[in-house]
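Hi everyone, thanks for coming along.

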Amino acid sequence: MSFSVNENLCRHCGLCASGCVCGCITLPADGIPCIDKSRRDSCVHCGHCAAVCPEGAITLDGTPPDGLEAAGAPISEQAAAKLLKTRRAIRNFQSSAVDDALLEKVFALAAYAPTAHNARQVSYIVINGRRKVEKVLAATVRLMEKHGVYAGHTANVRSGRDTLFRGAPCLILIHAPERILSETDCATAACYLELALPSFHLGSCWAGMLIEACAYGLPQGLILPNKHKLYAALMVGTPGISYKRIPFRSAPEIMWM
């Protein structure tokens with residue numbers, strides 16, 4: 001890792017040190033922050049130090065402050081409510097494949113999903129095009145039939161009604177190295193994808209039964225990197241329907257301590 005401070009800009013406020021999640025930054029007598037040599041290997045490269053500096057004095061890992069996007073103000077309460085309330089699971093898709101360029105934009109946003117220890121080891125497999133998806137569908141059905149699970153759904157697929165992938169033209173498979181918090185990391189990334197996709201006129205639904213089927217092994221044809229596990233999957237495509245209203249939700253149960 002590399003860490004440097006523009007001494008002409010630094011005002012010795014100490015925000016970088018107080019914001020360092022790993023306690024790597026110290027403030028010596030001259031007030032110019034530096035990396036404690038004993039903590040150098042503890043840095044997780046989260047970028048909080050560069051992000052919090054009000055003067056733009058910190059360069060981390062070779063990226064100068066003027067190369068970072070300005071944060072700006074948080075979105076309004078109304079905009080946040082609209083974003084969260086209008087997200088719908090889509091189970092009716094148009095048949096056309098998804099534009100790869102749109103998916104790349106969505107993945108660029110999902111890269112900001114938090115990960116435990118800032119490991120950022122979440123990876124994706126994109127299966128784009130209905131014919132490709134149908135190959136995975138057939139392999140998933142064979143896996144389910146072999147182990148006697150979801151007989152109703154496999155029968156539906158055999159009869160021409162896809163109740164597993166809902167006719168989606170694209171699947172996004174989310175995997176990571178097998179470790180304690182990888183499932184949480186992948187689920188969080190899937191949530192970021194779900195929230196971002198509607199802004200690109202795309203919709204999604206969790207392919208949960210695919211993940212459950214993978215408890216018995218991967219469907220034929222799917223290959224993951226060594227020591228990786230598939231933790232989440234989304235069906236993706238252009239929605240075949242639109243929702244006009246926001247459905248009712250009961251108030252959450254909360255215990256105040």
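I'll go through some salt bridges one by one and finish with a threonine.

Before we start, please keep in mind that this is a predicted model. The count comes to 6 salt bridges, and I'll talk about some of them.

Let's begin with arginine 11. Its partner is glutamate 55, and the closest N and O atoms of the two are 3.5 Å apart. How open are they to the outside? Arginine 11 counts as exposed because its relative accessibility is 64%. Glutamate 55, at 28%, counts as partly exposed.

Now move along to arginine 130 and aspartate 162. Their side chains meet in a salt bridge, with 2.8 Å from N to O. Here too the pair links distant parts of the chain, 32 residues apart: arginine 130 is in helix α5, which covers residues 130-147, and aspartate 162 is in the loop between α6 and β6. Are these two buried or exposed? Aspartate 162 has a relative accessible area of 15%, so it is buried. Arginine 130 is buried as well, with 18%; the cut-off for buried is under 20%.

Staying with helix α5, let's look at glutamate 145. Its side chain meets that of arginine 158 in a salt bridge, at 2.8 Å from N to O. Arginine 158 lies in helix α6 and glutamate 145 in helix α5, so this pair ties together parts that are 13 residues apart in sequence. Arginine 158 is exposed, with a relative accessible area of 55%, whereas glutamate 145 is partly exposed at 38%.

Last stop: threonine 140, which also lies in helix α5. At 1% relative accessibility, this threonine counts as buried. Which residues does threonine 140 touch, leaving aside its neighbours within four places in sequence? Threonine 140 is in contact with Phe165, Leu210, Ala213 and Pro219.

That's my tour, and I'm happy to go back to any of these pairs on the screen.

Terms used
Residues are numbered from 1 along each chain as its sequence is written. This is a predicted model: local features need pLDDT of at least 70, side-chain atom pairs count only at pLDDT 80 or more; totals for chains, interfaces and linings use all residues. Side-chain values use heavy atoms; hydrogens and water are left out. A salt bridge is a side-chain nitrogen of Lys or Arg within 4 Å of a carboxyl oxygen of Asp or Glu. Buried means under 20% relative accessible area, exposed over 50%, partly exposed in between (1.4 Å probe, protein chains only). Helices (H or I, at least four residues) and strands (E, at least two) are DSSP runs, numbered from the N terminus. Contact means heavy atoms within 4.5 Å.
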